[in-house]
Amino acid sequence: MSGLHKKPSSELAQMLRSGEVTSVQLTELFLDRAEKLNPLTNSFLKINRQTALEQAKHADELIQAGKAPSVLTGVPIAVKDNLTTTDAITTAGSKILENYLPQYDSTVVSKLRAAAMPILGKTNLDEFAMGSSTEFSAYGPSKNPWDLERIPGGSGGGSSSAVSGFLAPIAIGSDTGGSIRFPAAATGSVGAKPTYGAVSRYGLIALASSLDQVGPVTNDVLDAALLQDVIAGHDPMDSTSLVDSLGQMADFASKTDVKGLRVGVIKQLASDGFQPGVKARFDESIQLLIDAGAEIVEVDCPSFEYAVSAYYLILPAEASSNLARFDAVRFGQRVLPEGNPTIERVMAATREAGFGPEVKRRIILGTYALSSGYYDAYYGSAQKVRTLIQQDFAKAFASADVLISPTAPTTAFKFGEKLDDPLAMYLNDVATIPANLAGIPGISVPNGLAENDLPSGLQILAAAQNDGVMYSAAAGIEKLQNDQWGKRMIDFAPELEVN
Amino acid sequence: MSEITPENVRHLASLARILVTDEEVEKLAKELDVIVESVAMVKGAVSDDTPATSHPIPMSNVYREDVVKPSLSQQQALSNAPDQADGKFKVNAILDEE
Amino acid sequence: MAKAELMDFDEAIEKYEVVIGLEVHVELNTNTKMFCGCANEFGEQPNTNVCPVCLGLPGALPVVNGKAVEYSIAIGLALNCSIAGDGRFARKNYFYPDLSKNFQTSQYDEPIAYEGQLEVPVASGKVYNVAIERAHMEEDAGKLSHVGGVGRIQGAEYSLVDFNRAGVPLVEIVTKPIFDSGAEAPELASAYVRQIREIVKAMDVSDARMERGNVRCDANVSLRPKGQQRLGTRTETKNVNSLRSVENAVRYEIQRQAAILAAGDEITQETRHWHEDKKYTSAGRPKSDADDYRYFPEPDLVPVQPTEELIEEIRTRLPENPASRRARLQQEWSLSDNEFRDIVNSDLLDEVDSTVSLGVSAQSAKKWWTGEIARIANLEGKEITELSVTPEDVAEIEKMISAGKLNDRLAREALSGVIAGEGSVAEVVSARGLEVVSDDGALTAAVDKALAEQPDVLEKIRAGKEQAAGAIIGSVMKEMRGQADAGRVRELILERAKS
C-alpha cells in the first residue's frame with residue numbers, strides 16, 4: 001500500500017468502504033508520518049494519537065456495520081487550532097491560551113465527530129489567525145514542504161503544510177481575508193472559503209465575525225467539495241448561519257466541463273503587482289479556458305482599490321472587541337504584575353504578555369477605528385466601501401458565472417521577508433480580501449509553477465450561495481491544469497525526508 | 001501630518017487594556033501611523049449617502065425559542081479559571097488601596 | 001463619609017429650575033437569558049446557570065431570545081413608542097470583571113422602541129406627560145461580591161464573580177429631560193417608576209420587584225438658575241432600589257446641588273450612589289473622556305425587523321393601561337381618593353380587584369388587604385405577595401362572616417391559620433374549631449350566668465342603660481372562648497335582663 005498517503009481522500013474513502021484498508025490503518029499511517037515529519041514542518045501544535053485511534057476504531061465499526069454516516073467516514077483529518085475541541089488543548093496560536101482545554105466542541109468539530117472522521121491533531125496558525133505566513137504564531141512558524149526556508153502561507157499554514165506534506169490527507173482551515181486560499185496557493189494545494197454562513201462559526205475563535213468562514217484544505221477540488229458537504233449546514237447556535245442548503249458540493253465538483261462557462265477576469269487583479277511568473281501562469285490558464293470553450297469576459301471592479309484598506313479597518317475593529325474577552329478572569333493565562341495590583345492592571349499585564357506584536361498592533365488599530373470622533377471616518381467609511389465592493393461584484397456576476405484572478409501576488413516568500421513591514425504583509429491578501437468583504441465563496445486551485453519553481457494559485461469566485469458553480473468551475477480548471485502538466489501540482493512537491 | 005501620536009497610542013492601549021512600555025509606544029505609533037495613513041483612503045471612496053454594510057449576507061429576525069437548555073456544571077464553568085473561591089471566579093481587587 | 005451640605009428644599013426650588021431624567025432598567029421574566037438557553041434565574045448556586053455563550057468563552061456566539069424581543073415591543077407599545085422597523089444590536093465596549101465578553105450587547109442608534117410618552121399623575125392631581133426617548137434591549141452583567149475590608153468595593157482584598165445573572169434580558173427605558181416639575185420632581189420621579197413597574201407587571205413581562213432588582217432606576221438630576229437656557233451639570237444616581245429611595249434620592253440631589261451652586265461652586269459630572277439607610281448619595285466614578293464605549297453594530301447578530309402584523313398582534317394583547325384602570329376601579333368601588341391611594345401605595349390593587357370580583361365589597365376587601373394581611377406581612381418581614389393568602393381565601397372568610405359563622409376575631413384567627421400554611425379557610429376553621437356558637441341554649445345559659453354574677457350591671461340594664469350590656473358581652477364571650485356572635489349575645493342579654 002505504498003503511496004497511500006498521497007491518495008486523495010475521495011479514493012481513501014472508497015478503499016475504506018471496500019475494506020481494502022481500515023480507518024485505524026490509515027490513521028496510524030498519517031499519525032506516523034505526522035510524528036516523524038512535524039519536526040520539519042511544524043504543521044501540528046498537537047498530535048492526538050490516542051483519541052485519533054479511538055475515533056478510527058469507532059469509524060471502522062460503523063463501516064463494518066454498514067452504518068457509515070458520511071462518505072468521508074474513517075478518513076483522518078487535521079483541524080486548525082482556532083476551532084474548539086473538548087479533547088485537545090486549543091490555543092489559536094496564542095500564548096494567552098496556552099493549556100486552554102475548551103468546555104465545548106465547535107459545531108464543525110461536532111460534525112466531524114458525527115461523520116466519524118478521526119481528528120489527527122490541531123494545526124498551527126498565526127496568532128488568532130492574524131497573518132499571512134504563520135510567522136506570528138506564538139509556537140513558531142510552520143514550514144512550506146516545497147522549501148523549508150519558506151512560509152507555507154497564513155494564517156492557515158499549519159493545515160496547508162500538513163496537507164501538502166501529506167501529514168494529513170485533508171484538513172480544516174478558516175478564512176478571514178485569505179487564510180485558507182493563500183496557504184493553498186503557496187503549497188500547491190486546494191483551499192475553499194464557502195459563502196459566509198454556509199459553515200457554522202460556533203466554536204471558531206473569532207477574529208473578525210463578519211468576515212470569518214471555516215472551509216476545507218485538501219489536495220484536490222473533489223475532496224474540498226466532499227469536506228464542505230460534511231461541515232456545512234444550518235446551525236441554530238450561529239445567528240448568521242444560512243438556513244437553506246446550498247446543495248451537494250460533491251455533485252457540482254464532478255462536473256468538469258467548462259464549455260460555455262462565462263469566466264470573468266477582474267481587471268483590477270490582472271495587471272500590476274503580480275510576479276511575472278505568477279502573471280504568466282495566470283494568462284496561460286486563461287488560454288486553456290478559451291481553448292476548452294469557456295467564454296472570457298473582462299469585468300471592472302473599481303472599488304477593489306479600497307478593499308485592503310477597508311479590510312484593515314473592519315478586521316481590527318471587530319477583532320479588538322472579539323479579543324476583549326481574553327482578560328484572565330474566566331480562562332487563559334493570568335500574569336500578575338509586582339506588588340498588589342488591581343484587576344485592571346492584571347488584565348493589562350496579561351494581555352501585554354499573552355498577545356504577540358501583530359495582535360497588539362491590530363487591537364490598537366481597531367480601537368482607534370472605533371473610537372469616538374474617528375468612527376465615521378474609519379469604521380463607518382470602511383463599511384460603506386463594503387457596499388461598493390458588493391455592488392462591483394453584483395455587476396460582475398451579471399456578465400460572468402465565475403470570476404478568476406491569481407490567488408496571491410507572489411509564490412511563497414522566505415521567512416522574515418515581510419515580517420517588519422506590516423503593510424507589505426497586508427498587501428499579500430489583495431486578491432483574496434474582496435470575497436470576505438462581500439461574503440461570497442472563493443477557492444484557490446494550483447496554477448502551475450512560477451517564481452523559484454514554487455506553486456502559484458488561481459482563485460475562482462462565485463456569487464453568494466453559488467458555491468456549487470464555484471466547485472464545478474474549479475474542478476474544470478483543475479482538470480485542464482492536470483492535463484496540461486501531466487499530473488497533480490502537488491505531485492511535483494519534493495518528498496520530505498528526515499535526516 | 002502624523003495622525004497617530006505616542007499619546008494616542010497610550011490612550012488606545014489603555015482603552016484596550018494592554019500594558020505598553022515607552023519603547024513599544026514609540027514603535028507602535030510609527031507603525032500605526034503608516035498603516036492609518038494608508039487605510040485612510042477609504043474616506044475618499046464613499047459619500048454620505050453610500051449605505052453601510054455590516055453583514056455580508058443580508059438576513060434578519062433570527063430568533064431562538066425561549067426554552068431552557070442544559071447549562072454547564074459549576075465545575076465545568078470554573079475548569080479554566082485562573083483562580084476561584086466559593087464556586088466563583090476570583091479576581092484581584094477592583095480599586096486601588098487608598 | 002460625611003453628608004454633604006444641603007439647602008432647604010423649598011429654598012432650592014425657589015432659586016433653581018430642576019431638570020430630571022430617568023433611566024429605568026426592567027428585567028424581563030423570560031424563561032431563558034437574552035442570548036443563550038440558560039435559565040433566567042439567579043441567586044442560587046453561583047455559576048450554575050452559565051454556558052459558553054454567557055460566560056464569554058472563546059468561539060461562542062449569541063442567538064436572540066425571540067420572546068424577549070416580543071416583550072420589548074410590548075413595553076414600547078405600552079409607553080406609546082414607535083417600534084423600529086429595523087433595529088440592531090450593538091456592542092458597548094468596556095472592560096469590567098463582571099462583563100464576560102468585556103462588551104455589553106445592547107442597542108445604540110437603532111433601539112427597538114423610540115419617541116413615546118407616558119401620563120403620570122401625582123398627588124396634587126396634576127398629570128405630567130413624560131416624554132420617553134427610547135426603550136432598548138440589552139443584557140445584564142454578572143454579580144460581583146467583594147471580600148475583605150467591609151465587604152464593599154472600596155478596601156476589598158479581592159472580588160468574586162458569579163455569572164448566573166450575566167445575559168439576563170433587560171429593557172432600558174430612557175426619558176427625555178423633564179423640565180417643569182419643580183417641587184414635585186421627587187414625587188414625579190417615584191410616580192413614574194411606579195407606573196413603569198405597574199405596566200410591566202400588568203403585562204407580565206417582568207416580575208417587577210424592585211427589592212430584587214427586577215426594576216432599577218438611575219436618576220439624573222441637574223439644576224439651573226431660573227431663566228438660564230443652558231442645562232446645568234448633571235449627576236446620575238445609580239440603582240435606586242425602592243420607590244421611596246427614588247423620591248428621597250432626587251430630593252437629596254436637588255438639595256445637595258443647590259447648596260453647591262449657591263456657594264458658587266461647580267457640580268461634578270459623576271455617577272453617585274444612594275444610601276437608603278443613611279439617606280444620602282456618595283460620589284462614584286467621575287464621567288470622563290476616557291468613557292469611549294466604541295459602539296458598533298454587533299456582527300454576530302442580524303437586524304431585528306418586526307413585521308407590522310407582529311406589532312399589531314402584540315398591541316391587541318396589551319392589557320388595560322394602568323392609569324385608566326385605576327380611574328375605572330376607583331369609580332366602580334366608590335372609594336375616596338385617600339382610600340384608593342392607600343391601596344395603590346401598598347401595591348395591592350391586583351389583590352383587591354381580584355377579591356372584589358369574587359363578590360366581596362370594596363371596603364371589606366380593602367380592609368383585609370391593607371389591614372390585617374399587611375400587618376402580618378410587616379410582622380414577618382415579608383412582601384404580601386410572598387404570603388400564602390389568596391383573594392379566594394379572603395372571599396371565603398367574608399362569606400362566613402356574612403353567614404354569621406365567623407366573627408371578626410375568629411376571622412382574623414382563621415386568616416392567620418391560612419397564612420401559617422394550615423390549609424384552606426374551611427380546613428383552618430374546622431381544625432381550630434373556630435366556628436361561632438349559634439346554639440341559643442348554650443348562649444342563654446352563659447348570659448344568665450353572667451347576669452347572675454353581676455347584679456349591679458343587670459340593674460343598670462333594667463334601668464334602661466343598655467350600653468352597660470357591654471360588660472356582660474365581655475364575660476359571655478370569655479365564657480364562650482370568643483366563639484360567639486357578639487350581636488346575638490347582645491340581643492340575648494337585653495332579652496333575658498328584661499324578662
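**Notes on a predicted model with chains A, B and C**

1. Helix H5 of chain A is followed by Phe166(A), a residue whose phi is positive, near 60°. As background, most residues other than glycine have a negative phi, and most peptide bonds are trans.

2. The buried residues of H5(A) are Gly157(A), Gly158(A), Ser159(A), Ser160(A), Ser161(A), Ala162(A), Val163(A) and Ser164(A).

3. A cis peptide bond, with omega about 5°, joins Gly154(A) and Ser155(A). Ser155(A) is found in the loop that runs between strand E3 (119-123) and helix H5 (157-164) of chain A.

4. Two further residues of chain A have backbone angles that a reader may wish to inspect. Ala116(A), although it is not a glycine, has a positive phi of about 55°, and its place is in the loop between helix H4 (107-114) and E3 of chain A. Is Ala116(A) buried or exposed? Ala116(A) counts as buried, because it has 23 C-beta neighbours inside 10 Å. Gln465(A), which is likewise a residue other than glycine, has a positive phi near 70°, and it sits in the loop between strand E11 (454-462) and helix H16 (467-485) of chain A. With 20 other C-beta atoms within 10 Å, Gln465(A) is buried, the cut-off for that class being 20 or more.

5. The segment before helix H1 (9-18) of chain A contains Gly3(A), which counts as exposed because it has 7 C-beta neighbours inside 10 Å. Gly3(A) and Asn219(A) are 216 residues apart in sequence, while their C-alpha atoms are 14 Å apart in space.

6. Two packed helices are described by the angle between their axes and the distance between the axes. For H10(A) and helix H13 (residues 376-399) of chain A, the angle is about 125° and the axes are 9 Å apart, which means that H10(A) is oblique to H13(A). The crossing in which H10(A) passes H13(A) is left-handed. On the side of H10(A), the contact is made by Ala307(A), Ala310(A), Leu313(A), Ile314(A) and Ala317(A); H13(A) contributes Tyr378(A), Tyr379(A), Ala382(A), Gln383(A), Val385(A), Arg386(A) and Ile389(A). Sorted by class, the contact of H10(A) with H13(A) has 10 nonpolar, 1 polar and 1 charged residues.

7. In soluble globular proteins, nonpolar side chains tend to be buried together. The largest nonpolar core here has 292 residues, of which Ile77(A), Ala168(A), Leu313(A), Val402(A), Ile460(A) and Ile75(C) touch the most other members. Which element gives the largest share of this core? Helix H10 (residues 307-322) of chain A does, with 10 residues. Another core, of 42 residues, lies apart from it and includes Met400(C), Leu406(C), Val429(C) and Ala450(C).

8. Leaving aside residues up to four places away in sequence, Ile75(C) touches Val26(C), Ala113(C), Ala135(C), Val171(C), Val200(C) and Val205(C). The secondary structure of chain C comprises 16 helices and 15 strands, and its C-alpha atoms fill a box of roughly 95 × 55 × 50 Å along the principal axes. Among the contacts in chain C with a separation of 6 or more, 69% are between residues 24 or more positions apart.

9. How many residues of chain B and of chain A take part in the contact between them? The contact takes 46 residues from chain B and 55 residues from chain A. On the side of chain B that touches chain A, the elements that give two or more residues are helix H1 (6-15), helix H2 (22-39), helix H3 (42-45) and strand E3 (88-92) of chain B, and the largest share, 7 residues, comes from H2(B). The residues on this side of chain B divide into 31 nonpolar, 9 polar and 6 charged.

10. Chain C also touches chain A, with 26 residues of chain C in contact with 34 residues of chain A. The side of chain C that touches chain A has 16 nonpolar, 5 polar and 5 charged residues.

Conventions:
Residues numbered from 1 in each chain as written. Chains lettered and ligands numbered in written order. Predicted model: local features only at pLDDT ≥ 70, side-chain atom pairs only at ≥ 80, totals over all residues. Helix = DSSP H or I, 4+ residues; strand = E, 2+ residues; numbered from the N terminus. Buried ≥ 20, exposed ≤ 12 C-beta atoms within 10 Å, placed from the backbone. Contact = placed C-beta atoms within 7 Å. Nonpolar A, V, L, I, M, F, W, Y, C, P; charged D, E, K, R; others polar. Core = buried A, V, L, I, M, F, W, Y, C linked by C-beta atoms within 7 Å. Axes fitted to C-alpha atoms, helices over the stretch in contact; angles between N-to-C directions. Parallel < 35°, antiparallel > 145°, perpendicular 65-115°, else oblique. Left-handed = near helix turned anticlockwise from the far one by under 90°.
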